[in-house]
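Here is a short report on the sheets of one protein model. Read it with the structure open beside you.

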Amino acid sequence: MVDVETTGLGRDDRIVSVAVYQLGARGDVEDHWYSVVNPQRDPGPTWIHGLTAEMLADAPLFADIAGELGQRLTGRVLVAHNAVFDWTMLAREYARAGGAPPVEQRLCTIRLSKVLGLPLKNHKLETLAAYFGVAQRRAHHALDDARVLAEAFRPSLHRAAARRLALPLLSCVPLSEWAAVPAPGGPRGGRQGWRSGGRRRPCPYPNPGRYEPGGRLMPGMRVAFSGDTAVERDLLEERACAAGLGVTNGVTRTTSLLVTNDPDAVTSKVLKAKTYGTPVVDEAEFTRLLADAAPPPEA
């Protein structure tokens with residue numbers, strides 16, 4: 001079980017604390033570990049995580065704890081609440097330190113609760129904890145959040161085993177591939193060039209319409225993404241743009257394709273796709289389609 005507290009939610013934000021609970025195959029706690037981290041910048045929402053600049057001034061840098069943290073992650077499945085966030089923050093920190101987290105798979109407890117059909121009013125950690133009768137002592141403290149998650153995960157794991165349900169595992173892809181995308185006017189490995197000031201570049205091709213199942217992706221098709229992905233979302237979107245597709249934030253009647261690994265999720269994008277009859281594919285199928293996409297016309 002992993003929990004990180006951060007300076008914010010953006011790609012340039014940093015980790016200020018990280019905690020790990022190691023569990024056995026039946027969900028029993030084997031060990032736990034915690035460290036604060038000097039983010040080398042403003043700590044962000046101190047009213048949430050409680051860590052001030054003064055408290056973090058003498059804390060180790062992420063590079064200083066990367067090895068010790070890595071020993072606790074090696075050979076394990078990274079389990080977290082909204083796992084794509086914790087995984088992405090860790091992957092970015094390891095990339096800054098010149099490495100990659102030794103994790104091959106992750107499991108999101110939000111997605112697991114959906115697989116189990118738990119009658120939760122929302123998918124907050126406190127709601128999951130209350131459902132299983134787990135008491136929170138220090139919300140948004142990485143170590144206590146990891147403990148709460150570990151105690152709530154154990155009965156979830158047992159329920160999945162009793163019903164012989166497959167755990168919703170996703171592969172973890174390191175961020176080293178970002179080095180192949182040069183920033184405009186900058187060296188390789190710099191800030192990615194497919195966005196300017198956080199904005200996607202507009203698609204230069206007209207929308208040819210919806211994707212036809214069994215057919216090819218065509219330049220100008222508009223694609224939307226929903227939910228967790230194994231490949232970091234920004235990188236997946238960059239690949240779509242490189243193939244001549246237009247990436248959109250939402251689903252409309254003109255959306256050509258929705259990509260999601262959770263087609264049964266009750267999200268606005270999935271519901272709109274069903275309403276409009278927009279084709280839906282998972283990430284693996286989308287990756288295959290990208291490899292066979294029709295090439296953009298010559299400039």
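## Before you start

Contact here means heavy atoms within 4.5 Å. Angles run from 0 to 180 degrees between N-to-C directions. The model is predicted.

## The sheet β1-β2-β3

Start with an open sheet of 3 strands. Their order is β1-β2-β3, and the pairing is antiparallel. Strands β1 (2-6) and β3 (29-36) stand at the edges. Each has a single partner strand, so one side of each is left without a neighbour in the sheet. Neighbouring strands of this sheet are turned by 5 degrees against each other on average, direction ignored.

Now look at β2, residues 15-23. Strand β2 runs antiparallel to β3, and 7 bridges join the two. Pick out Y21: its bridge partner in β3 is H32.

Helix α3 covers residues 62-73 and lies across β1, β2 and β3. Its direction is at about 15 degrees to β2. Helix α7, residues 142-162, also lies across β1, β2 and β3. Helix α7 runs at about 30 degrees to β2.

## The sheet β4-β5-β6

Another open sheet has 3 strands in the order β4-β5-β6. Here the pairing is mixed. Which strands stand at the edges? They are β4 and β6 (169-171). Each has a single partner strand, so one side of each has no neighbour in the sheet. On average, neighbouring strands of this sheet are turned by 30 degrees against each other, direction ignored.

Strand β5 spans residues 105-108. It pairs with β6 in the antiparallel sense, over 3 bridges. Find L107 and follow it to β6: the bridge partner there is L169.

Helix α5, residues 109-116, lies across β4, β5 and β6. It runs at about 60 degrees to β5.

## A nonpolar patch

Together with V77 and L167, L169 makes a nonpolar surface patch of about 200 Å². V77 lies in strand β4, residues 77-80.

V77 has a relative accessible area of 35%, so V77 passes the area cut-off. That value makes V77 partly exposed. So the patch brings together V77 of edge strand β4 and L169 of β6.

Note on methods
Residues numbered from 1 in each chain as written. Predicted model: local features only at pLDDT ≥ 70, side-chain atom pairs only at ≥ 80, totals over all residues. Heavy atoms only, no water. Patch = residues over 30% accessible without salt bridge, like charges linked within 9 Å, V, L, I, M, F, W, Y side chains within 5 Å. Areas by Shrake-Rupley, 256 points an atom, 1.4 Å probe, with all protein chains shown as cover. Salt bridge = Lys/Arg side-chain N within 4 Å of Asp/Glu carboxyl O. Helix = DSSP H or I, 4+ residues; strand = E, 2+ residues; numbered from the N terminus. Buried < 20%, exposed > 50% of the residue type's maximum accessible area, 1.4 Å probe, protein only. Pairing = 2+ DSSP bridges.
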